[in-house]
Amino acid sequence: MPHRNDIDGLRAIAVLSVVFYHLGPFKAVGGGFVGVDVFFVISGYLITGIIQSELDAGKFSVAAFYNRRVRRIFPALFAVYLFCLVASALLEFPAEAKNVGRDVLWSLAFLSNVLFSRATGYFDQASRTDPLLHTWSLSVEEQFYVVFPLLLASLWRLGPRVRNAILLFTAALSLVASERMLAANARHAFYFVQYRAWELLLGSFCALGIVPQVTRRAVAEVLTLAGLAAIFFAIFSIRSTTPFPGYWAIPPSAGAAAILHGGARVRTLGARLLGLAPLRWVGLISYSFYLWHWPLIAFYGSRHDSMTLKAALAILALALLISALSYRFIEEPFRTKPYRRSVRTVLLLGASGMASVAILSVSIPAIAARLKPSAALADAALKYLDYNIDIGSGTCFLSSGYNDLGLFRKDLCLKQTPGRRSLLIMGDSHAAHFTPAFRELHPELDVLQATASGCEAVRRGTGAQRCTQLMDFVFDEFLPQHHVDTIVLAGRWPRDTLHGLEKTIAYLKPLASRVIVLGPVVEYSRPFPQLLASSITSNDGDIIKQHLLPAQHATDLLFARRLRGSGADYYSVYNATCPSSECTSWAAPGVPMQYDEHHLTLGGSELVLDRLGLARGRL
């Protein structure tokens, strides 16, 4: 396909929006992650155009297609893999370096989107220090291109009308499925190829001429300027809390398609703006820029709680420099002479490179562990970064990934056995992480659970729909009809919830024998296992204190004072965790109190309940 300067500029906007979103100080770019959607549309457009020209000429070859993909994707990507492996071995703990090696292996197989869909959400705090998180988008593209060239070649024989109808139906199905999956499992909707395929197909439609060509300058001008407006609207209006992708991904994707289509035949004002030299330059290095910016940010974030403007600008400059060098000395040489090789040779070299990187991903962390041994307790703590406590996700605990009250299993979560005493725990994830401990410590009780992420355990509260609907059901329908012996309200209490909590306690007093309020949990500015490991290896206990956030202690004191005499029993989780000037670090040998910044492990929850006098036989 002929080179288009405006596409380079569009690439620049896409990559810059992603980079500025990832750089902490630039809060205005709240929807910068939609740059990935723009990339998907561009990719679908360019690659479909190439396949189309080869099919028309009768020269299409699957092997030749993957030859181009290997040349385009692998060289710079392998360099980033090597950097991440070495940097994690030098800068991180052995357990963390091992996780990076695992991520490389999944990314090599172009399955990192599947890995991250299981491990962490894209917007979760825990994902911000994973140097290979951004490879999820490459995995989506490559999974798409495993199927799409073969599908297009097969449909080519059926003629344009049938081919286009099938592709349009497939795209519509993907878009509708994406929107519906947001309610069932938001992570899957974000990470999985079947819910992103419509974006790549949107670019394909522009290349295949499914949309009539634009030849009138006025129409083309409107299209390109409207496309730019749609993209910038998405960048500055969408937030991490916006249900995404689904229908919210239409503005950036359709905007990119409008620019590609409007500028295909007519040189518009929008195309001239996008073709300005600085944007073209960033667009040319955009692949390397995308690959390199995130590891630099992630490794910085693993050592710092927040990013200053000065640090952000330094990382931005360094990423641009490395990307320019990567483009000049890695990307370009492998796509041009004198590095031309036969298709078979390139594919064999690609496979050999993958095997070599796979070996390095296992061996480098192992070598680092031998050369830089850390205390056994430090490694034991770090294992809890991948801790997965059973809090009933998708059944008794509704999170953004399970954003539908219909998923709440009333028959399971609110089941009462005749003749047995019952305890109901309500609230957010800070309530949910106590549920397994209550069940473990009180086998004589029916432990009922009604919890949702970001959910205030108050009547007529605010929050996500899944939360307010769940609380309305329990407070207004379930409790008036079912006697519960003990109701436990817990959460990551904001101070402005206090008035609503007092009214809720008054409402509950006639409905239960006892109402308990568990206060806020101790919170840290970084994941607790990392702080614990650092304090062990450096023999500096003050590291943990330095990252302790004071706001929760003040909230705890306020709640204790205001709820005295309310009719509820208030228990200070904060005091149970920090009974003196030192906060408890280990719930048991090798088991830290917390597994992230503010959630307790099962052992931590059990220890807290025991110290509060809420353990076995004391309820």
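## Buried residues of helix H21

In this predicted model, nine-residue detail aside, the buried positions of H21 are Arg466, Cys467, Leu470, Met471, Phe473, Val474, Phe475, Phe478 and Leu479. These buried residues pack against strands S1, S2, S3 and S4, and also against helix H18 (410–413) and helix H22.

## Length and bend of H21

H21 contains 17 residues. From first C-alpha to last, the helix reaches 23 Å, close to the 24 Å expected at 1.5 Å a residue. H21 also has a kink of about 35°, and the kink is centred on Val474, a residue that is buried.

## The sheet

The sheet is open and has 6 strands, paired in parallel and ordered S1-S3-S2-S4-S5-S6. Strand S1 (397–398) and strand S6 (569–571) stand at the edges; each has a single partner strand, so one side of each is left without a neighbour in the sheet.

Within the sheet, S4 (residues 484–490) pairs with S5 (residues 512–518) in the parallel sense, over 6 bridges. Ala512 in S5 is the bridge partner of Val484.

## Helices packed on the sheet

H21 (residues 465–481) packs on the sheet and touches S1, strand S2 (422–427), strand S3 (446–452) and S4. The direction of H21 makes about 145° with that of S3.

H22 (residues 498–508) packs on the sheet as well, touching S4 and S5. The direction of H22 makes about 160° with that of S5.

Methods: Residues are numbered from 1 along each chain as its sequence is written. This is a predicted model: local features need pLDDT of at least 70, side-chain atom pairs count only at pLDDT 80 or more; totals for chains, interfaces and linings use all residues. Side-chain values use heavy atoms; hydrogens and water are left out. Two strands pair if DSSP finds at least two bridges between them. Helices (H or I, at least four residues) and strands (E, at least two) are DSSP runs, numbered from the N terminus. Contact means heavy atoms within 4.5 Å. Axes are lines fitted to C-alpha atoms, for helices over the stretch in contact, and angles run from 0 to 180 degrees between N-to-C directions. The expected span of a helix is 1.5 Å times one less than its number of residues. The bend at a residue is the angle between axes fitted to the seven residues ending there and the seven starting there. Buried means under 20% relative accessible area, exposed over 50%, partly exposed in between (1.4 Å probe, protein chains only).
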